[in-house]
Amino acid sequence: MGGGEKVKIRNIQEYIQKLPQTTQDRLYTHPATCLALFRSLSETAQQYVMRLLFLAQPFALDALTSWVVNVRDKTNLDATKQLKSVRLWSVVKMDNGCDGVTLHPNFRKGLTTAMCGGGMSWYGNHQLEPDKKPKTVEFLDSYAKERWECLLQYMVQGNSESDKVSPDIANLLLQSGMINRSGTEHAITSTGFQFLLLDTPAQIWYFMLKYLDKCDTIAQSHHMPGIHLSA
């Protein structure tokens, strides 16, 4: 088994934190992203967001203390740290000169759309024709599991000539350090073995992050925003 780095799974907040601010701003224009990020927040952080979501003006920072029993409580401190780390809220000067807090404008609009509806379609304006052979949820679920199993089997079987996964997927596994290749054969690395021990949702999220990292690398070489390339 070849070498490899220890698998560390970044959550959605950790991933967004490392992005440039311009990329964060663009991400927050997508309601689905805003909803996913909101769901990842702690309950206290979610409460702050919901109380600020429909306020058109900044809310006085001093008055914010009335929302919690103890502003120095660890739960509250962790919540405010979460919100600041991904720029969901910021402290601004109000008209009266006092400090106030407000949500990121793009995030506010995106989350409002996700929760209340309205706006443009999340998935673009393309009108799809009715599927002549519509698939059931059960079929799609079974197909997705079967394809994922093919990827995992490819990692351990050692034959790089297998047609069960696409060349792009095989290259991503190689570039991510989950397999090593020698000629037409490959071997799973310690990183790949750790990946196999994760549960399926964690595996998929880790794989998506590696894909996004690859998009960033390609985008930088073409002077393009990575998140735009992966959209």
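User: Which helices do the buried residues of H3 pack against?

Analyst: This is a predicted model, in which local features need pLDDT of at least 70, side-chain atom pairs count only at pLDDT 80 or more, and totals for chains, interfaces and linings use all residues. Residues are numbered from 1 along each chain as its sequence is written, and side-chain values use heavy atoms, with hydrogens and water left out. Helices are DSSP runs of H or I with at least four residues, strands are DSSP runs of E with at least two, and both are numbered from the N terminus. By contacts (heavy atoms within 4.5 Å), the buried residues of H3 pack against helix H1 (12-17), H2, helix H4 (43-53) and helix H7 (105-116).

User: Which residues of helix H3 are buried?

Analyst: Buried means under 20% relative accessible area, exposed means over 50%, and partly exposed lies in between, for a 1.4 Å probe and protein chains only. Helix H3 spans residues 31-40, and its buried residues are Pro 31, Thr 33, Cys 34, Leu 35, Leu 37 and Phe 38.

User: Which residues have the most contacts inside the largest nonpolar core?

Analyst: A nonpolar core is a set of buried Ala, Val, Leu, Ile, Met, Phe, Trp, Tyr and Cys residues joined through side-chain atoms within 4.5 Å. In this model the largest one has 30 residues, and those with the most contacts inside it are Tyr 28 and Phe 107.

User: Which element supplies the largest share of this core?

Analyst: At least two core residues each come from H1, H3, H4, H6, strand S3 (99-103), H7 and helix H11 (200-221). The largest share is five residues, and these come from H4.

User: Which residues does Phe 107 touch, not counting residues up to four places away in sequence?

Analyst: Phe 107 is one of the residues with the most contacts inside the largest core. Beyond four places in sequence, Phe 107 touches Tyr 28, Cys 34, Leu 37, Phe 38, Val 49 and Leu 88.

User: Is Gln 24 buried or exposed?

Analyst: Gln 24 sits in helix H2, which runs over residues 21-27. Past its neighbours within four places in sequence, Gln 24 is in contact with Ile 16, Gln 17, Leu 19, Val 86 and Arg 87. Its relative accessibility is 2%, so Gln 24 counts as buried.

User: Which side chain makes a polar contact with the side chain of Gln 24?

Analyst: A polar contact is a pair of N or O atoms within 3.5 Å; within protein, one must be able to donate a hydrogen and the other to accept it, and residues adjacent in sequence count only if both atoms are side-chain atoms. At 2.9 Å, the partner of the Gln 24 side chain is that of Arg 87.

User: Where is Arg 87 found?

Analyst: Arg 87 is not a glycine, yet has a positive phi of about 60°. Its relative accessibility is 24%, so Arg 87 counts as partly exposed. Arg 87 is found in the loop between helix H6 (74-85) and strand S2 (89-93).

User: How many residues apart are Arg 87 and Asp 25?

Analyst: Their side chains meet in a salt bridge at 3.1 Å, N to O; a salt bridge is a side-chain nitrogen of Lys or Arg within 4 Å of a carboxyl oxygen of Asp or Glu. Asp 25 is partly exposed because its relative accessible area is 25%. The pair links distant parts of the chain, the loop between H6 and S2 and helix H2, and the separation is 62 residues.

User: What is the N to O distance in the salt bridge of Asp 78 and Lys 74?

Analyst: Both residues lie in helix H6, four residues apart, about one turn of the helix. An α-helix has 3.6 residues a turn, so residues three or four places apart point the same way. Lys 74 counts as exposed because its relative accessibility is 59%, while Asp 78 is partly exposed at 34%. The N to O distance is 2.7 Å.

User: How many bridges pair S2 and S3?

Analyst: Two strands pair if DSSP finds at least two bridges between them. S2 and S3 form a hairpin with five residues between them, and Gly 97 in the turn has a positive phi of about 90°. In S3, Leu 103 is the bridge partner of Trp 89. S2 and S3 pair in the antiparallel sense, and the number of bridges is five.

User: What is the bridge partner of Phe 59 in S3?

Analyst: Strand S1 (residues 59-60) also pairs with S3 in the antiparallel sense, over two bridges. S3 is mostly covered, with four of its five residues buried. The partner of Phe 59 in S3 is Val 101.
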